[in-house]
Number of protein chains: 2
Amino acid sequence: MPARSHITMSVDSHSHTIKKIGPLSFVKSLWRILAGKPRVPPSLQDNPLLNIILKRRSVRSFADREIPDDVFSAILEAGRLAPSTVNLQTWAFAVFTADSWRETFGSAIPFKGQRAVIVMGDTHRDKLIAEAFPASPLVEYTLGVMNASLAAMNMNIAAEALGVSSVMLSETGRSGLLDASYLKERLGLPDAVIPLMTIVFGYARGPYPPMPPKLPLDQICFQRKYREADSAIMEDWLAQMIAGYKASHLSSSFEAQLRIYQSKIGKAEADLERMVLGRRVGGSGG
Amino acid sequence: MPARSHITMSVDSHSHTIKKIGPLSFVKSLWRILAGKPRVPPSLQDNPLLNIILKRRSVRSFADREIPDDVFSAILEAGRLAPSTVNLQTWAFAVFTADSWRETFGSAIPFKGQRAVIVMGDTHRDKLIAEAFPASPLVEYTLGVMNASLAAMNMNIAAEALGVSSVMLSETGRSGLLDASYLKERLGLPDAVIPLMTIVFGYARGPYPPMPPKLPLDQICFQRKYREADSAIMEDWLAQMIAGYKASHLSSSFEAQLRIYQSKIGKAEADLERMVLGRRVGGSGG
């Protein structure tokens with residue numbers, strides 16, 4: 001078990017993985033990203049809805065164009081009508097305009113989005129009428145996270161269907177799970193309401209960026225028995241991630257992004273432990 | 001805090017809630033379910049994908065008609081291309097035909113579906129190349145659940161776009177989170193791979209059932225500060241749930257369904273605690 005005190009990233013220690021990326025390998029990895037299109041069977045290539053779903057991208061650059069109220073309410077409706085365990089609808093949405101976000105957080109919506117929704121797992125509301133999850137904080141939490149995520153994806157696709165782009169954020173600008181305790185205080189959330197992510201909505205400025213490197217289907221699917229991933233394919237994926245970041249974030253890197261993420265994980269873990277399991281962190285935890 | 005040893009359901013103790021449902025109230029609740037259509041602004045009613053998203057339903061009755069391989073692979077492709085935290089793709093899909101399900105579990109796919117996908121949060125695969133979540137089991141688990149659920153919803157909508165219906169199951173027929181330890185053993189899953197749900201796919205037999213009662217948008221959304229739900233609206237929702245179950249499941253009830261669910265929660269909690277937090281349950285836990 002890893003030591004709790006020492007937060008490291010083993011991509012650093014696997015220096016052979018990173019050193020391998022010379023100029024030629026870098027270009028090759030970039031080429032593979034650009035070639036990584038959705039694989040749609042020829043018979044289905046004309047299905048417009050499937051195309052919208054498969055061409056969806058996380059967009060981080062938005063035009064200065066407002067989202068009409070009826071469009072935004074249709075997006076929220078997709079969240080409202082998402083499926084959930086025993087139809088318990090264990091979610092809550094904090095909805096923001098550019099102005100109300102600024103009033104609440106003192107800054108613009110990340111990437112200058114026009115609207116934002118903070119998606120929360122909410123098992124607090126059901127407690128008004130039923131003790132649906134007696135003494136089972138992890139099951140309760142899991143179902144809250146799962147259902148809220150279903151609602152988030154439904155909103156995301158509904159937005160795409162309406163020509164609105166979006167990105168789901170879990171750490172940028174104090175916007176998600178890694179800042180759960182900050183958001184809980186700022187939004188006045190009860191115990192069983194846990195912020196998971198912020199979805200930022202807007203009209204894309206310019207064309208969609210290339211798809212980030214996705215693992216091939218045979219690495220993520222199996223039949224009958226779990227099959228270990230192929231480490232060569234995983235290292236190839238890592239090389240593509242690193243090359244893709246270098247090409248699209250001139251002043252950053254995938255490793256730096258992971259490191260920012262990891263710098264917040266320790267506090268987030270302690271916060272979650274307190275919020276989900278209802279007790280202070282102490283002792284060995286081992 | 002509820003006592004850990006005594007698993008009850010407070011809908012039982014709130015007997016006024018249940019007694020209120022006399023014949024007239026029952027008919028009224030049913031009527032409200034039938035009237036509960038998606039609320040789409042008139043300007044957007046012609047959008048085909050939005051309609052598919054909002055008219056999606058959990059379908060539990062499938063025709064004896066096979067799903068072609070190209071259609072099923074396009075559904076999996078939607079899972080593969082779902083968004084995820086730092087593009088880590090923390091999911092795995094166990095895919096089944098009717099035959100391979102029967103060989104694995106000794107029974108038909110629930111509701112006689114034609115294909116099934118067990119969706120898992122998988123943070124095991126990334127460990128081949130990076131220690132992405134050092135010593136933070138709850139953060140790691142949450143992101144695994146969140147991302148896998150995004151992929152699940154993307155598959156669900158892609159299926160709808162292709163005319164294929166589905167239902168996400170978390171407890172029927174040993175198919176999800178509440179049977180995680182059973183599924184882990186049966187599928188040979190490593191520690192950091194947690195089964196969350198089974199999505200059953202097939203062509204719907206007959207028209208879609210009415211939408212189960214959904215909470216109004218102003219109960220699940222708020223601005224700036226969390227707003228407590230209205231308990232009258234929650235009790236009205238509960239009355240609709242009870243009436244809807246009574247009308248559609250002649251031999252069952254919502255309370256019975258919740259009770260089945262709750263009967264499995266204690267073991268599921270202990271299993272999750274061991275799987276997620278990596279330790280045996282013991283002591284008071286309080």
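**Note on the domain interface and the sheet of chain A**

1. In this predicted model, the centres of domain 1 of chain A and domain 2 of chain A, taken over C-alpha atoms, lie 24 Å apart. The domain assignment places 16-36 + 210-277 in domain 1 and 56-208 in domain 2.

2. The two domains of chain A touch through 16 residues of domain 1 and 15 residues of domain 2. Together they bury about 1300 Å². Carbon and sulfur atoms carry 63% of that area. On the domain 1 side, three residues stand out: A:Lys264, A:Met275 and A:Val276. They supply 40% of the area that domain 1 buries against domain 2, more than any other three residues.

3. Polar links also cross this interface. The count between domain 1 and domain 2 of chain A is one salt bridge. The side chains of A:Asp179 and A:Lys264 form a salt bridge at 3.1 Å, N to O. By class, the side of domain 1 that touches domain 2 has eleven nonpolar, four charged and one polar residues.

4. Now the sheet. Five strands form an open sheet with mixed pairing, in the order β3(A)-β4(A)-β2(A)-β1(A)-β5(B). β3 (165-169) of chain A and β5 (221-222) of chain B are at the edges. Each has a single partner strand, so one side of each is left without a neighbour in the sheet.

5. A:Ser166 has A:Phe201 as its bridge partner in β4(A).

Key. Residues are numbered from 1 along each chain as its sequence is written. Chains are lettered from A and ligands numbered from 1 in the order in which they are written. This is a predicted model: local features need pLDDT of at least 70, side-chain atom pairs count only at pLDDT 80 or more; totals for chains, interfaces and linings use all residues. Side-chain values use heavy atoms; hydrogens and water are left out. Domain bounds come from an automatic or database domain assignment. Contact means heavy atoms within 4.5 Å. Buried area is the accessible area (1.4 Å probe) that two parts lose on being put together, summed over both. A salt bridge is a side-chain nitrogen of Lys or Arg within 4 Å of a carboxyl oxygen of Asp or Glu. Ala, Val, Leu, Ile, Met, Phe, Trp, Tyr, Cys and Pro count as nonpolar, Asp, Glu, Lys and Arg as charged, and the others, Gly among them, as polar. Two strands pair if DSSP finds at least two bridges between them. Helices (H or I, at least four residues) and strands (E, at least two) are DSSP runs, numbered from the N terminus.
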